[in-house]
Amino acid sequence: MKKDRRDFINTCFRFAAGASLVGVTGVLAHKTVSGNTLWQIDTTKCTQCGRCATSCVVTPSAVKCIHVYDMCGYCDLCGGYLRPNVKNITTGAENQLCPTGAIKRKYIEDPFFEYEIIEDLCIGCGKCVKGCGAFGNGSLQLQVSHDLCVNCNQCAIARDCPSDAFSRVPADEPYKFSGFKTNKKI
């Protein structure tokens, strides 16, 4: 029986979907087999030294800034978004602390703004986390993104971390936020 173009495309699509499903299952099985533990940052020990951005074997780093919205003050003058001593509180690149523009500022209502982390642009340098903490809030926190982390046996970031903030955590409690209790990625 001769196949037409539509049957051929449908067959190819099913094969690609099946192969993708097998690949995702394999990655998840590998992570589960690794002793049921994952790498994570203890935010109470992290000093935002910037090594997470350069030591990770994944490029860009699997460490990302996570915004804990329940802790955020939605400040106009956000220490995690704006450089210290800026003259103008605007979204101009020269005023932003993030070197990659990974934080998006959105007006809510006077005088409140919401800050969204664009994960694809975040390199895990921790500059925004340090700025947010210096301002007294702490709603921006570094965490290992487990959908990006390859869960190395010997994590390169853990080896280079000067504050010993990296450790293995149970896979069913993969996140360690400060001041906010949840086991899920926010």
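In this predicted model, tyrosine 81 is placed in the loop that runs between strands S2 and S3. With a relative accessibility of 3%, tyrosine 81 counts as buried, because buried residues are those under 20% relative accessible area. Not counting residues up to four places away in sequence, tyrosine 81 touches Thr90, Thr91, Asn95, Gln96, Leu97, Ile103, Arg105 and Tyr115. One of these residues, glutamine 96, also makes a polar contact through its side chain with the side chain of tyrosine 81, at 3.2 Å. Leucine 97 lies 16 residues from tyrosine 81 along the chain, yet the C-alpha atoms of the two residues are separated by 5.5 Å.

The chain as a whole contains four helices and six strands, which follow one another along the sequence in the pattern α-β-α-β-β-β-α-β-α-β. Of its 186 residues, 37% count as buried, and the accessible surface of the chain amounts to about 11300 Å², with 57% of that area belonging to carbon and sulfur atoms. When contacts between residues at least 6 apart in sequence are considered, 69% of them join residues that are at least 24 apart.

The largest nonpolar core comprises 31 residues, and Ile41, Val63, Cys65, Ile103, Leu140 and Phe166 are those with the most contacts inside it. At least two residues of this core are supplied by each of strand S1 (37-41), strand S2 (63-67), strand S4 (112-117), helix H3, strand S5 and helix H4 (156-160). For phenylalanine 166, the contacts beyond its neighbours within four places in sequence are with Trp39, Gln40, Ile41, Cys52, Val63, Val144, Cys155, Ile157, Ala158 and Cys161; among these partners, Ile41 and Val63 are themselves listed with the residues that have the most contacts inside the core. Ile103, another residue of that list, is in turn one of the residues touched by tyrosine 81.

Threonine 43 is found in the loop between S1 and H2 and, at 15% relative accessibility, counts as buried. Apart from its neighbours within four places in sequence, threonine 43 is in contact with Gln141, Leu142 and Gln143, and also with Lys176, Phe177 and Ser178.

The loop between helix H4 and strand S6 (166-170) holds serine 163, which touches Lys45, Cys46 and Thr47 when residues up to four places away in sequence are not counted. A polar atom of the serine 163 side chain lies 3.1 Å from the backbone oxygen of lysine 45. Aspartate 164 lies in the loop between H4 and S6 as well and counts as exposed, with a relative accessibility of 52%. The phi angle of aspartate 164 is near 55°, a positive value in a residue other than glycine.

Most residues other than glycine have a negative phi, and most peptide bonds are trans. Against this background, a positive phi is also found at tyrosine 74, where the angle is about 50° although the residue is not a glycine. Tyrosine 74 is located in the loop between S2 and S3 and counts as partly exposed, at 23% relative accessibility. Tyrosine 81 is likewise placed in the loop between S2 and S3, but counts as buried.

Cis peptide bonds are described at two prolines. Threonine 59 and proline 60 are joined by a cis peptide bond with omega of about -10°, and proline 60 lies in the loop between helix H2 (51-55) and S2. The peptide bond from aspartate 110 to proline 111 is also cis, with omega near 0°; proline 111 is found in the loop between strand S3 (103-109) and S4.

On the surface, Leu77, Ile89 and Phe135 form a nonpolar patch whose accessible area together is about 260 Å². Phenylalanine 135 is placed in the loop between helix H3 (127-134) and strand S5 (140-144).

How values were computed
Residues numbered from 1 in each chain as written. Predicted model: local features only at pLDDT ≥ 70, side-chain atom pairs only at ≥ 80, totals over all residues. Heavy atoms only, no water. Patch = residues over 30% accessible without salt bridge, like charges linked within 9 Å, V, L, I, M, F, W, Y side chains within 5 Å. Areas by Shrake-Rupley, 256 points an atom, 1.4 Å probe, with all protein chains shown as cover. Salt bridge = Lys/Arg side-chain N within 4 Å of Asp/Glu carboxyl O. Buried < 20%, exposed > 50% of the residue type's maximum accessible area, 1.4 Å probe, protein only. Contact = heavy atoms within 4.5 Å. Core = buried A, V, L, I, M, F, W, Y, C linked by side-chain atoms within 4.5 Å. Polar contact = N/O pair within 3.5 Å; in protein donor to acceptor, adjacent residues only side chain to side chain.
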